[in-house]
Amino acid sequence: MNNADHPTQSPGNVAGIRRQVVLPLGKSIEIAYNSIRVRFFRSLITTLSLVLAVSFLSFVNVSTDVANGLLATGQPELRQALVRAGYDLAPEDRRADSSSKQRWIVLLSLLVCAVGIVNAQLMAVTERFREIGTMKCLGALDRFVMRLFLLEAGMQGLVGAAAGALGGALFALLNGFILFGGQAVRLVPANELLLSLLWATAAGCLLSLIGVAYPAWVAARMQPVEAMRVEQ
Amino acid sequence: MTTNKNIVRVTNVTKTFQLGKIAVHALKGVELEIPTGQYVSIMGPSGSGKSTLFNMIGGLDKPTTGKVYIDEVDVSQLDAYELAWLRCRKIGYIFQTFNIIQVMTALENVTLPMTFAGMRNDEAIEKAMGLLDLVGLGDRFQHKPFELSGGQQQRVAIARALANDPAIILADEPTGNLDLKTGEEIINLLQNLSHERDVTVISATHDIKMLNVSDLVVWIRDGRIDKIESRDELTISVGRIDARNA
Ligand SMILES: Nc1ncnc2c1ncn2[C@@H]1O[C@H](COP(=O)(O)OP(=O)(O)O)[C@@H](O)[C@H]1O
Ligand SMILES: [Mg+2]
């Protein structure tokens, strides 16, 4: 039955042992996707702080896009409206930008979010010790485990960040509409809006991956005996 | 079939756990040879070192001193890839706590080791269905572990252990979390499989029910092998146990 695995060999020959164990990418994605789906509520909570932080980033950036759309008309009354709304515009400025205070707060919120993700993912790893250990007993390599965690975080990050980016952008447009009327929405340069959305989504994905890197490393290095010993 | 008479050889293995300042000597020099194709029970009271020996033989932990050979290959010489391959292809593990992956269905649990082994998906599914049939769970393949009883989960674990036609099935207290009747069914299933498929079954246990089906019984006590008995010698000591228990 096991002929293929028992080439004729002298005792002590390691030829009977081979090296290939594989986990194709498609299968990894399927496992990671199912893992998120089954633990949907938990994944949602982990992702929620990311959604909020990214939507804040997106809100700030899209608000700037709105202001730039209005400035580009060159109409002095719109410029006045912008200054009244709190934009720091010197007379020679052709473009608006987010204030350094805003950027500082955005950075801080992203940082808090990253710490939250690390915490949530570390807990997730401890909850899954037995699962990880079992996979290793079935022949998983460290990097299969690592890849599964990164894929999960990547998918969660993509969906969460995209949702946050869209939410933040909508909110910024709504805000522009209330402050400056319909033209605020009409005049937003489409390419800049798109760029802001992409940038916020990418930042969110990156954050999610950075947040899971250490927990995934801990999980991947887990020895099966240690994993199995944990009482669950 | 296999070219080696002894599928497992354990030479002078000791294992010491360091708990702060205290050293726990879980194994104190174990010598053991396990012939291919037999049903071997490692018997001993709780804390005698059965699980520790199980982990050594399964390549899940390294001995403090001494060597473990699987099919005449020194396990301590293997790198991470070879060790993963060994766990994937040569050994099937069965645990007291079943260790079915909770987020996967019975079918997915059984196909996973085949995926690791590089088998095509449709092939793996077909083989897994066959194995689930074999353990009597053909109609439960879509069930998640929490929808299955303990005995059924252990059957899934047995099907999963057989996935890559391993040479050895290692079972650590496979009946420890099961009631008497279910435990008996699992023992009989393991014995049939070992005979029909010519797999070496090594089972750590303190379940006396195991004695009836074992070809070889290794009695372990306090980290040392007390005695090794083959089936014919057994009847005598079983009689003695029965007499003691009466
Ligand atoms: N990781 C560990 N750290 C410290 N002591 C351990 C560890 N694993 C097992 N032991 C000790 O080794 C001895 C044997 O344990 P074990 O092999 O689990 O016994 P059994 O499986 O026969 O019940 C026990 O005294 C146990 O406390
Ligand atoms: Mg034990």
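The shell around ligand 1 holds 5 nonpolar, 6 polar and 2 charged residues. Here Ala, Val, Leu, Ile, Met, Phe, Trp, Tyr, Cys and Pro count as nonpolar, Asp, Glu, Lys and Arg as charged, and the others, Gly among them, as polar. This is a predicted model: local features need pLDDT of at least 70, side-chain atom pairs count only at pLDDT 80 or more, and totals for chains, interfaces and linings use all residues. Residues are numbered from 1 along each chain as its sequence is written, chains are lettered from A and ligands numbered from 1 in the order in which they are written, and side-chain values use heavy atoms, with hydrogens and water left out.

**Around ligand 1**

Ligand 1 sits between chains A and B. A residue is near the ligand if one of its heavy atoms lies within 4 Å of it. There are 13 such residues, and A:Arg229, B:Gly47, B:Lys50, B:Ser51 and B:Thr52 come nearest.

The table lists polar contacts (pairs of N or O atoms within 3.5 Å).

| Residue | Atom of the residue | Distance to an oxygen atom of ligand 1 |
|---|---|---|
| B:Ser48 | polar backbone atom | 3.2 Å |
| B:Gly49 | backbone N or O atom | 3.1 Å |
| B:Ser51 | polar side-chain atom | 2.7 Å |

On its own, ligand 1 has 550 Å² of accessible area, and the protein covers 71% of that. Such areas come from the Shrake-Rupley method with a 1.4 Å probe.

Which elements of chain B give two or more residues to this shell? They are β1 (6-19), β2 (22-35) and α1 (50-57). The largest share, 3 residues, is from α1(B). Helices (H or I, at least four residues) and strands (E, at least two) are DSSP runs, numbered from the N terminus.

**The largest pocket**

A pocket is an open set of points on a 1 Å grid over the protein atoms alone, where a 1.4 Å probe fits, with protein on both sides within 12 Å along at least five of seven lines; lining residues have an atom within 4 Å of a point. The largest pocket has about 650 Å³ of space. Its lining has 24 residues, and A:Met228, A:Arg229, B:Ser51, B:Asn55 and B:Asp172 lie nearest the centre. The largest share, 5 residues, comes from α1(B). By class, the lining splits into 6 nonpolar, 11 polar and 7 charged.

**The second largest pocket**

About 420 Å³ of space lies here. Of the 24 lining residues, A:Gln223, B:Lys62, B:Ala80, B:Leu83 and B:Arg87 are closest to the centre. α2(B) gives the most to this lining, with 5 residues. The classes are 13 nonpolar, 3 polar and 8 charged.

Methods. A polar contact is a pair of N or O atoms within 3.5 Å; within protein, one must be able to donate a hydrogen and the other to accept it, and residues adjacent in sequence count only if both atoms are side-chain atoms. Grid points are joined across faces, edges and corners, and a volume is the space filled by probe spheres set on the points.
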